[in-house]
Amino acid sequence: MGAGDLLALLLLHTVTDYKGFNAGLIRLINEGNSSCSGRVEIFLRGLWGTVCDDDWDLVDAEVVCRQLGCGKVVSAPIGAHFGQGRGHIWLDDVECSGQELRLTECGHRGLGSHNCGHQEDAGVVCEVRLINGFSNNLCSGRVEVYHNSQWGTICDDSWDLNDAQVVCRQLGCGNATATAYFGLGTGPIWLDEVRCVGNESSITDCTHQEFGSHDCNHSEDAGIICDGGSTMNSMASPTMPNTLQNNTVNSTTSHFPKPLLPTTPPRPDNNTATEGEVRLANGGNSDCSGRVEIFLRGQWGTVCDDDWDPVDAQVVCRQLGCGRVLSAPIGARFGLGQGPIWLDEINCSGHELRLTECGHSGLGAHNCVHQEDAGVVCEVRLVNSLSNNPCSGRVEVYHNSQWGTVCDDSWDLNDAQVVCRQLGCSNAMTATTAAYFGQGTGPIWLDEVRCVGNESSVTHCTHQEFGSHDCDHFEDAGKLSTSSLQTHKAMFIKAFPQGD
């Protein structure tokens, strides 16, 4: 190994988050057959958990009804009205404005942060549900409404497409295509002689006889078919790893007829972004320093610096695989962003996997301007990574406001392992040398790095003083064996589920 060789690192990448498995889905659990009333449960980090009833109210419950496509909210029971759940209590102190599309968009104190027991599990009762619909269209079925603490049906006297259109729109199911019969209901027949103009916000807002006044039997129960439900089946039952099978989504207890569409159509450069993805902008050529931006509702936006600190910034570094945080600049240190300010009053514990898991004031709820855009500077980055493995590349560290490289004198797998673990990239496969991933520029910050292997950061390993070295960038040379590359490819394919 020649003096001055720069190191590069090929890391074995494993995926540990569940962004491909419909995180944020909700369901309502009860002892009956209703998917529109029950104990609120939410699917996060691959597990179902409950919501604490601290500050739980009708505004919060309305968001659940909207997300489930169950019409208007009727009540928001507290005190484990629908029985105590098990496992995690994922959310507490939920604070919704009422306009959110998903419960996770509301303000909360942070994922898994609470002071509750399951005797405080929150519940929801929504106004409308569809029963016995087609298996390939969740926006079809017998129409039932909730009144006087009981679900009941609607008589089909005078029932037509105008009436069906109101229900379809109320449930976020597009347009009515037909009225139909979906079997006999049970219990009361709540509505008869329903006559809608077509622009009402709820079926109960239409003209009808008094609740419970009718001359019908259940052979006349009304039903609908809407055109907005055939595309939603993929959301109802995400496939999870076998280790989580006892907590997987069950399509028989979940009801997801409403598409969760972005409020703003994605711009052309957003096609590859995923909900909750973060990036650091305007940090030069670095992906590991810059203005914090987050992709929500189909659009990139910024984060306000109110209460922004290194604990919050550490979550961003972790999510991006950029090692430890060095600083959390405020006051638009990396320039003013554009578009929405998505998050404010961020409060992370430091253990979250994604920034959206931290406590915040609610999606789009803020009192900020872009002069307060938050920034992040992380410690380590990988440059010129392989296109199919983000955990590979030339190792660079940030010091004295500048990115620099590490010389490969004494560089071995122990050193590489520390960087792997620091970046959340599992185990080191190969510590490549001689600028395998191209020559760097600027300072060479570290030389003669000697790690035991259990250090939390490569800068904690023994090394010469920052900037002290006998290396040159042009001396970088090295190789990566075919067998190593094949092993890497096999592990990479295994680590990423198809379609992720």
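The buried residues of helix 2 are Asp163, Ala164, Gln165, Val166, Val167, Cys168 and Gln170, where buried means a relative accessible area under 20%, exposed means over 50%, and partly exposed lies in between, as found with a 1.4 Å probe on protein chains only. Helices (DSSP runs of H or I, at least four residues) and strands (DSSP runs of E, at least two) are numbered from the N terminus. The model is predicted, so that local features need a pLDDT of at least 70 and side-chain atom pairs count only at pLDDT 80 or more, while totals for chains, interfaces and linings use all residues. Residues are numbered from 1 along each chain as its sequence is written, and side-chain values use heavy atoms, with hydrogens and water left out.

With 7 of its 10 residues buried, helix 2 is mostly covered, and what covers these buried residues includes strand 9, strand 10, strand 12 and strand 14. Just after helix 2, Gly172 takes a positive phi of about 70 degrees.

What does Gln170 touch, if residues up to four places away in sequence are not counted? Gln170, which lies in helix 2 (residues 161–170), touches Gly71, Lys72, Glu127, Val128, Ser201, Ser202 and Ile203, a contact being heavy atoms within 4.5 Å. The relative accessible area of Gln170 is 12%, and Gln170 is therefore buried. The side chain of Gln170 also makes a polar contact with the side chain of Glu127, at 2.7 Å; a polar contact is a pair of N or O atoms within 3.5 Å, of which, within protein, one must be able to donate a hydrogen and the other to accept it, and residues adjacent in sequence count only if both atoms are side-chain atoms.

Because 8 of its 11 residues are buried, helix 1 is largely enclosed by the rest of the structure; the buried residues are Asp60, Ala61, Val63, Val64, Cys65, Arg66, Gln67 and Leu68. Their cover includes strand 2 (26–29), strand 3 (37–44), strand 5 (73–75), strand 7 (106–110) and strand 8 (123–126). At the start of helix 1, a side-chain oxygen of Asp57 reaches to within 3.1 Å of the backbone nitrogen of Val59, and just after helix 1, Gly69 takes a positive phi of about 70 degrees.

Strand 2, which is part of that cover, deserves a look of its own. In a regular strand the side chains alternate between the two faces of the sheet. From strand 2, Ile26 and Leu28 point one way, Arg27 and Ile29 point the other way, and all are buried. Strand 2 pairs with strand 3 in the antiparallel sense over 4 bridges, two strands being paired if DSSP finds at least two bridges between them, and the bridge partner of Ile29 in strand 3 is Arg39. Arg27 lies over the face of Trp48, at 4.0 Å from the ring centre; a charge sits over a ring if NZ of Lys or CZ of Arg is within 6 Å of the ring centre and within 35 degrees of the ring normal.

Rings can also pair with each other. Rings of Phe, Tyr and Trp (its six-membered ring) pair if their centres lie within 6.5 Å, and planes under 30 degrees apart count as stacked, over 60 as edge-to-face and the rest as tilted. By this rule the count comes to 7 aromatic pairs. The rings of Phe134 and Phe182 have centres 5.2 Å apart and planes at 70 degrees, so this pair is edge-to-face. The pair links distant parts of the chain, 48 residues apart, with Phe134 in the loop between strand 9 (128–131) and strand 10 (140–147), and Phe182 in the loop between strand 12 (176–180) and strand 13. Phe134 counts as partly exposed at 42% relative accessibility, whereas Phe182, at 8%, counts as buried.

How confident is the predictor? The pLDDT, its confidence in each residue from 0 to 100, has a mean of 79 for the protein, and 80% of the residues reach 70 or more. Over residues 1–21 the pLDDT is below 50, although beyond near neighbours in sequence this stretch has 114 contacts in the model.

Terms used:
pLDDT = per-residue confidence, 0-100.
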